[in-house]
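Visitor: I'm new to this one. Could you walk me through how to read a few of its features?

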Amino acid sequence: MLTLDWRETARADLLEIIDYISDDHPDAAQRLKDEIEEKAAKLTKHPKLYRVGRVSGTREMVVRANYVVIYTEDAHAVSILHVLHTARQWPPL
């Protein structure tokens, strides 16, 4: 089975999103964090399940209508690169 690697950029993205939401809705923020982490963990079993990414070599998992996990996969690991709100420009200009 593949291993799951959360890059620093992805952890920072996730914490920024959760911090923003938790200002008004701490329970909702925790539920979103749990959901993103749970779905990301399943990528080790089915890394090709989600769409090909807009950046070459990546894939994109839609967690909810407004949140996307950007990742890559190779023979050994799935690497989570970014967690983005869909209002953000992706790929960056």
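Guide: Happy to. Let's start with a cut-off: a residue counts as buried when its relative accessible area is under 20%, and as exposed when that value is over 50%. Keep in mind that this is a predicted model.

Visitor: Okay, then is E60 buried or exposed?

Guide: E60 has a relative accessibility of 1%, so it counts as buried. You'll find E60 in strand β3, residues 59-64.

Visitor: Which side chains make polar contacts with the side chain of E60?

Guide: Two arginines come up here. The side chain of R51 is joined to that of E60 by a polar contact of 2.8 Å, and the side chain of R54 makes a polar contact with it at 2.9 Å. Leaving out residues up to four places away in sequence, E60 also touches others, including Y50, G53, V68, I70 and W90.

Visitor: You mentioned W90. What kind of peptide bond runs from W90 to P91?

Guide: First the general idea: most peptide bonds are trans. The bond from W90 to P91 is cis, with omega near -5°. P91 itself sits in the segment after β5 (77-85).

Visitor: Now the helices. How do I describe two that pack together?

Guide: You give the angle between their axes and the distance between the axes. Here α1 (residues 8-22) and α2 (residues 26-41) pack at about 155°, with axes 7 Å apart. That makes α1 roughly antiparallel to α2, and the crossing is right-handed.

Visitor: Which residues meet where α1 packs against α2?

Guide: From α1 there are R11, L14, I17, I18, I21 and S22, and they meet P26, A28, A29, L32, K33, I36 and E37 of α2. Sorted by class, that contact has nine nonpolar, one polar and three charged residues.

Visitor: And the loop between α1 and α2: is D24 there buried or exposed?

Guide: D24 lies in that loop, and its relative accessible area of 61% makes it exposed. For a sense of distance, D24 and A40 are 16 residues apart in sequence and 25 Å apart in space, C-alpha to C-alpha.

Key
Residues are numbered from 1 along each chain as its sequence is written. This is a predicted model: local features need pLDDT of at least 70, side-chain atom pairs count only at pLDDT 80 or more; totals for chains, interfaces and linings use all residues. Side-chain values use heavy atoms; hydrogens and water are left out. Axes are lines fitted to C-alpha atoms, for helices over the stretch in contact, and angles run from 0 to 180 degrees between N-to-C directions. Helices (H or I, at least four residues) and strands (E, at least two) are DSSP runs, numbered from the N terminus. Angles under 35 degrees count as roughly parallel, over 145 as roughly antiparallel, 65 to 115 as roughly perpendicular and the rest as oblique. A crossing is left-handed if the near helix is turned anticlockwise from the far one by less than a right angle, and right-handed if clockwise. Contact means heavy atoms within 4.5 Å. Ala, Val, Leu, Ile, Met, Phe, Trp, Tyr, Cys and Pro count as nonpolar, Asp, Glu, Lys and Arg as charged, and the others, Gly among them, as polar. Buried means under 20% relative accessible area, exposed over 50%, partly exposed in between (1.4 Å probe, protein chains only). A polar contact is a pair of N or O atoms within 3.5 Å; within protein, one must be able to donate a hydrogen and the other to accept it, and residues adjacent in sequence count only if both atoms are side-chain atoms.
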